[in-house]
Amino acid sequence: MATFPQLQGDLGVLDGYHSAQVDVDVRLNTNESPFPPPPAFRTALAEAVATLPLHRYPDRSCHALRADLARLHSVRPDQVFVANGSNEVLQCLLLAYGGPGRTAALFEPTYAMHGTIARMTRTTLAEGQRADDLSLPLAEVRRVLGQESPAVTFLCSPNNPTGRSEPQEVVEEVLAIAPGLVVVDEAYAQFAPWSAVALVADDVPLVVTRTYSKTWSMAGVRLGYLIGPAEVVAALWDKAALPYHVDALKQVAGRLALRFTDEMEDRVALLVVERERVTAGLARLPVDTWPSDANFLLFRPRHRDGAEVWAGLVDRSVLVRDCSSWPRLEGCLRVTIGTPAENDAFLAALEDVL
Ligand code: PMP
């Protein structure tokens, strides 16, 4: 009988990061855009793909896409690294700067993949805690960074799943005291009042990660990138990424999307209006909520078990994220802002359940 080897490190005991994929009418559980990209983008993409030399490997360094992204962010192309979703960007970062004998710091509750990728890459995890109002106390940052000397410190702004963005003073202070690389995950950047991209420079140990999965309405394409010092970007291309890891179709899609920036900004504006409407709707129900700078809202039913409320919503064909068993988020659920009709359906279903 063949015997299979055990999984390496902690992988055998790790829970994967999965959102339930349940067949419902209203899916508000993964913070995607509820709107597809514009029809003109689809047409342009189909035309561009029709003439791609698919028998050849793609441009390994994504020159054209990086040049376009550099223009968008007023940086240089050698300050842009691209990968298959920002999760892969984060994985490349920890392959390069984490690993055995190194520590990565994060502040719970935050995006679960930061910890998961640390564990996958056998990076030691140092977990600090946010305050009761879920803000990030600098005293706690100083304590964790002072004690653990992390090679990588993760911030997430706006933070998933709490929705808050970090004030610029906080990011600057973390940068001033961090002993290693600071990663600011800005998956929801276009909803935030400011961006840490403005702080990126070749002599500053800061990288900012971005994704096409949310505001660009391209979660199905799997494309993400980071803006950072040229030295870090070069290390990621040369040492952490596999050869030709970003395929030719994706490179084209990423470039064409940038021609539709106005449409993207219109979608963001509409989602912000809807977010405020959903916030007002939740305020009329027996739930606690937290302020959000993103396209989702964290809430906690006051007198009901969170998992029970989640199941009640599924019974009414509405799927939200069940965070009720996550650290520090007992009883909490997270709802993604959808189309106006989806948001109405969510509010009506929640009122019914409660
Ligand atoms: N960072 C944060 C904070 C996220 O919420 C997500 C998506 N859930 C990601 C990164 C990963 O996005 P991508 O689809 O680009 O891998």
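The model is predicted: local features need pLDDT of at least 70, side-chain atom pairs count only at pLDDT 80 or more, and totals for chains, interfaces and linings use all residues. Residues are numbered from 1 along each chain as its sequence is written, and side-chain values use heavy atoms, with hydrogens and water left out.

**View 1. Overall fold of the protein.** The protein has eleven helices and twelve strands. These are DSSP runs (helices H or I, at least four residues; strands E, at least two), numbered from the N terminus. The radius of gyration is 21 Å, close to the 20 Å of the globule rule for 354 residues, so the protein is as compact as a globular protein of that length. The radius is taken over C-alpha atoms; the rule is 2.2 Å times the number of residues to the power 0.38.

**View 2. Burial and contacts across the chain.** Buried residues are 54% of the 354. Buried means under 20% relative accessible area (1.4 Å probe, protein chains only). Of contacts between residues at least 6 apart in sequence, 73% join residues at least 24 apart. Contact means heavy atoms within 4.5 Å.

**View 3. Ala 241 and its surroundings.** Ala 241 sits in the loop between helix H7 (230–240) and helix H8 (248–257). Its relative accessibility is 10%, so Ala 241 counts as buried. Beyond neighbours within four places in sequence, Ala 241 contacts Phe 81, Cys 92 and Leu 236.

**View 4. Ala 241 and Glu 88.** The two residues lie 153 apart in sequence. Their C-alpha atoms are 9.0 Å apart in space.

Methods: Buried < 20%, exposed > 50% of the residue type's maximum accessible area, 1.4 Å probe, protein only.
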